[in-house]
Amino acid sequence: MTDLLDPGLRRWCLLAAAASALPLWLQLPGWLQAVLAVTALLGALVERRVPAALRVLLTLMLGGMVFSAYHFSVGRDTGCAGLLAMLFLKPFETFSTRDARSLLGFSLFAPFAAFLQDQGPLVWSLCLPAVLLNTMAMAMLTPGASRPTPGWQFRQAGFAALLALPMALAGFWLFPRLGAPLWGLPENATSRMGLGDRMTPNEWLDVLVDDSPAMRARFIGATPPREQMYWRGPTLTDFDGQAWTRNLGLEQRPAPTLQALSGLVRYEVTLEPTERSDLVLLDLPVSAPAMSTLDGDMTAVMASPINNLVRYVGVSSPQMRYLQPLDGWSRRSALALPPDLNPRTRALAVQWRRETPDPQALTLRFLKWIRRDFSYTISAPPVGINATDDFLFETHLGFCQHFSSAYAVFMRAAGIPARVVTGYAGGHYNRIGDYWLVYRKDAHAWTEIWIDGRGWVRVDPTAAVAPDKILDTVDDLQARQGLAGLAGGVLAPMFETSDFLRNAWNQMVLGFDAARQKGLLRPLGIKEAENWQLVLAFSVGAVFALALTLWLLLREHRDDSDPLVRAWRRFVRELGRSGHAKDTHEPPLQYLRRLAGLRPDLSPAFLDIGQRYADWRYAGLELAEDEKTDLARRLKRFRLAAAMKR
Amino acid sequence: MAAVRDGVERFGDRMAALAWVRPKQPEALPAQINRRRIYVLPTGFGLFLSLLIFTMLIGGLNYNNNPALLLVFFLAAIANNSLVSSHLLLSGVRLKALHAEPVFAGQRMTLRLRFDAEGARDRLGLELLCGEAHANFDLPAAGEIEVALDVATTRRGWLSPGRLRVSTLRPLGLARAWSWLRPDTRLLVYPTLDTEAPPLPEALGDGDSPRSRSHGEQPHHLRDYRDGDMPRQIAWKASARADRLLVREYEAAVARDIELDWFALPALSHEGKIRRLARWVVEAERSGSRYAMRLPEQQLLPGCGPEHRHACLRALALLPSAT
């Protein structure tokens with residue numbers, strides 16, 4: 001061990017590493033956070049290299065914990081946590097300059113990993129000090145005769161960061177992007193709840209209290225009324241008595257042909273990453289957004305899971321007519337019920353159908369029943385194996401999952417094709433940014449029934465609940481939990497502003513991709529930039545950035561001397577260019593005497609200037625400020641005259 | 001910190017031998033480092049970090065993860081700017097002078113190099129390397145600094161400092177910027193002293209002068225202290241009485257001139273003779289006697305004092321090798 005790390009330096013390196021690890025650390029489950037923090041603290045306190053056996057043991061232990069935290073499955077999140085665990089173990093073996101450098105290098109990888117999980121501005125703002133501290137620590141590790149103070153190092157790091165900005169931005173905007181990924185992003189082992197492939201009336205969905213945004217939409221042109229905002233997600237057709245699931249076979253068929261009966265609504269959606277490939281569109285989409293296709297049940301799907309924020313323009317129409325009749329397979333699927341479950345529902349459905357054959361009249365009757373007898377609450381009592389029977393005839397309490405499921409089962413039992421659609425309902429208007437924000441907790445489930453001649457028609461039985469029977473909503477629950485529905489209160493403007501900023505970040509930073517990059521050169525008359533044009537633009541940008549950097553670095557050359565001295569120097573330089581160079585050994589007065597000899601007409605002026613300058617500079621003659629400016633001006637006049645003549 | 005040379009540094013050293021590496025010829029001082037002779041190569045750490053950045057770039061591009069890409073380009077720009085900074089740290093540095101006191105071969109010679117720089121920038125964290133010896137130094141804006149460097153000497157004669165490397169790892173340690181200096185200064189190395197030399201040859205000449213070879217045992221008189229006087233010459237008691245430093249001046253007894261004759265030496269090797277004479281020169285000087293030296297094709301007249309000693313040792317140092 002030749003170059004043992006100074007303890008003070010080691011502390012700085014560990015601090016930099018800790019700052020880098022912070023954004024990723026915040027994403028871990030709570031108990032793992034605590035374990036890792038304790039480990040890192042121990043590592044920081046250890047003063048000598050611990051035996052290898054102990055380190056291996058520690059590594060294995062932490063590895064096991066990380067795995068168990070992610071239910072022993074390998075995913076992106078497991079990988080990130082593993083990386084972080086390794087970084088947190090690194091202090092145990094950081095004792096030389098070399099170790100410290102590898103620690104700093106690896107720790108720079110941590111913010112990158114954090115971005116794979118969360119691309120929000122918070123992570124970025126945590127990442128910035130991390131980079132600063134890292135550059136600082138790197139600078140401190142370089143050998144030198146003296147060791148500058150941390151304050152000086154910090155200023156240098158800040159200056160370096162500022163200098164890096166132009167180049168970084170040039171790279172960011174102009175470095176050619178990949179149109180399609182080379183390989184997919186590994187999926188997380190534990191995924192965040194979103195619109196699922198599955199809906200079980202009996203199961204509580206965490207998504208219902210998830211306060212994070214799911215999407216933002218801006219309407220281009222007229223905005224539909226809020227009650228009409230049904231954001232359509234996956235359709236669930238298969239029902240096994242407990243859970244509604246997707247019918248992948250049906251979905252893979254081509255989209256049916258529809259005819260819009262009312263005006264079109266155009267809107268731009270920014271969808272937060274979902275790890276699934278379905279897009280969310282306003283009910284009912286007329287066409288699929290770019291890079292996606294409409295599948296058999298009118299859901300737009302992308303080719304790969306959405307790991308990043310996506311932006312797309314959707315076109316929908318609130319009223320559409322299906323032009324083709326329902327084919328056999330679809331009809332069978334939309335009528336299938338497990339044979340021996342929910343006998344009471346089935347009996348009632350058959351009886352009502354007999355009394356009211358028209359599907360729409362039947363629906364109205366059902367909704368009236370709901371309005372009369374049912375209450376909405378998110379703390380619904382559990383139901384048994386005959387879930388629909390229990391809900392319809394016993395509890396009368398439930399939320400969207402219960403209502404939509406029960407209604408769909410009822411209609412199927414009555415012989416009318418029905419299916420459940422998941423998505424989001426409503427939205428929160430942001431006045432500052434003029435867009436609608438949809439939270440994950442706005443997730444909703446509704447139903448579609450098939451009416452011959454019209455096609456699938458949306459029915460939302462949950463909406464039929466009488467307003468005075470809404471007992472307990474998500475917002476109430478959050479208020480009880482102290483999470484507080486603050487967003488609606490006095491703090492609303494603040495929430496709107498912060499979400500507006502978040503949206504701006506999304507639009508400007510996150511939404512930038514190969515397609516937008518291609519359009520970047522449009523002001524230059526290039527419609528679709530080719531890669532070589534981008535490379536060229538990038539080179540030009542990089543050269544500009546480098547020039548700016550050099551200029552800023554060399555600016556330190558700034559001449560801090562008195563303006564009069566500077567005027568004198570410029571005068572001498574200019575006259576030197578005109579062939580009357582001052583000899584190095586020549587004092588100012590003698591030089592001007594020589595010049596005066598060359599130009600007898602100007603001789604008094606030259607002699608006066610020379611005398612005054614020399615007296616001021618060397619003989620301690622006090623000159624008032626205006627006298628100095630005057631002298632400087634005269635020097636400048638001669639300099640310009642000399643330059644003109646040249 | 002010991003200078004552990006990494007692979008890139010060794011590569012740079014090997015490249016130095018190439019004909020196109022500047023400076024191509026030894027140069028007269030002052031020698032200014034300009035942009036044409038600054039070389040910048042990444043260190044091992046720099047390569048490691050660029051690999052890391054490259055990996056992150058590929059990852060960021062693949063996932064079109066914009067914050068990650070922003071981070072990547074930010075880091076890349078910082079790294080790139082650090083190369084420019086390193087370059088600017090060296091550009092404008094000037095080696096004004098190089099000198100060293102002669103030493104006997106085998107001893108370490110202290111090179112003294114005087115640097116200054118143009119421009120109003122502080123240049124912190126410069127490193128000077130000569131062979132295995134290295135020194136760190138800072139060059140303040142508009143300042144001068146003398147850097148001392150101990151180098152090994154092996155042979156008598158002229159020592160050429162060879163290639164000196166001024167380099168820096170600042171600001172971030174990602175790259176080493178360096179420039180070679182090849183001052184044409186020659187530094188004198190005296191011959192090694194013979195360790196088994198017999199006592200000085202008896203002074204030659206005509207008989208009856210006293211041969212007190214002592215450093216003068218009879219105090220002659222006291223005089224004021226002058227720079228360069230040896231501490232043991234100071235008459236402390238007298239100084240205390242007089243309240244100023246007084247130095248005892250001795251009567252150097254007039255000794256007969258010592259004749260150091262190359263041709264009178266017993267059968268020794270060529271270098272052996274040189275070593276012995278060198279030893280005798282040192283001893284003769286110490287004895288305070290006057291001494292003369294006869295060498296092949298050279299004759300040094302009797303004399304004493306540092307200059308004479310230097311002249312004799314220089315003559316010995318520069319004797320041609322035995323053919």
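Visitor: At what angle do helix α7 of chain A and helix α3 of chain B pack, and how far apart are their axes?

Guide: Two packed helices are described by the angle between their axes and by the distance between those axes. In this predicted model, α7 (residues 150-174) of chain A and α3 (residues 66-90) of chain B pack at an angle of about 125°, and their axes lie 7 Å apart. The two helices, α7(A) and α3(B), are therefore oblique to each other, and the crossing in which α7(A) passes α3(B) is right-handed.

Visitor: Which residues make the contact between α7(A) and α3(B)?

Guide: On α7(A) they include A160(A), A164(A), M167(A) and F172(A), while on α3(B) they include L69(B), F73(B), A77(B) and N81(B). By class, this contact of α7(A) with α3(B) has 14 nonpolar, three polar and no charged residues.

Visitor: How many residues does each chain give to the contact between the chains?

Guide: Chain A gives 53 residues and chain B gives 44 residues. On the side of chain A that touches chain B, α5, α6, α7, α15 and α17 each supply at least two residues, and the largest share, nine residues, comes from α7(A). By class, that side of chain A has 34 nonpolar, 13 polar and six charged residues.

Visitor: Into which domains is chain A divided?

Guide: Chain A is divided into domain 1 (7-147), domain 2 (198-488) and domain 3 (563-645). Taken over C-alpha atoms, the centres of domain 2 and domain 3 of chain A are separated by 88 Å.

Conventions:
Residues are numbered from 1 along each chain as its sequence is written. Chains are lettered from A and ligands numbered from 1 in the order in which they are written. This is a predicted model: local features need pLDDT of at least 70, side-chain atom pairs count only at pLDDT 80 or more; totals for chains, interfaces and linings use all residues. Axes are lines fitted to C-alpha atoms, for helices over the stretch in contact, and angles run from 0 to 180 degrees between N-to-C directions. Helices (H or I, at least four residues) and strands (E, at least two) are DSSP runs, numbered from the N terminus. Angles under 35 degrees count as roughly parallel, over 145 as roughly antiparallel, 65 to 115 as roughly perpendicular and the rest as oblique. A crossing is left-handed if the near helix is turned anticlockwise from the far one by less than a right angle, and right-handed if clockwise. Two residues are in contact if their C-beta atoms, placed from the backbone, lie within 7 Å. Ala, Val, Leu, Ile, Met, Phe, Trp, Tyr, Cys and Pro count as nonpolar, Asp, Glu, Lys and Arg as charged, and the others, Gly among them, as polar. Domain bounds come from an automatic or database domain assignment.
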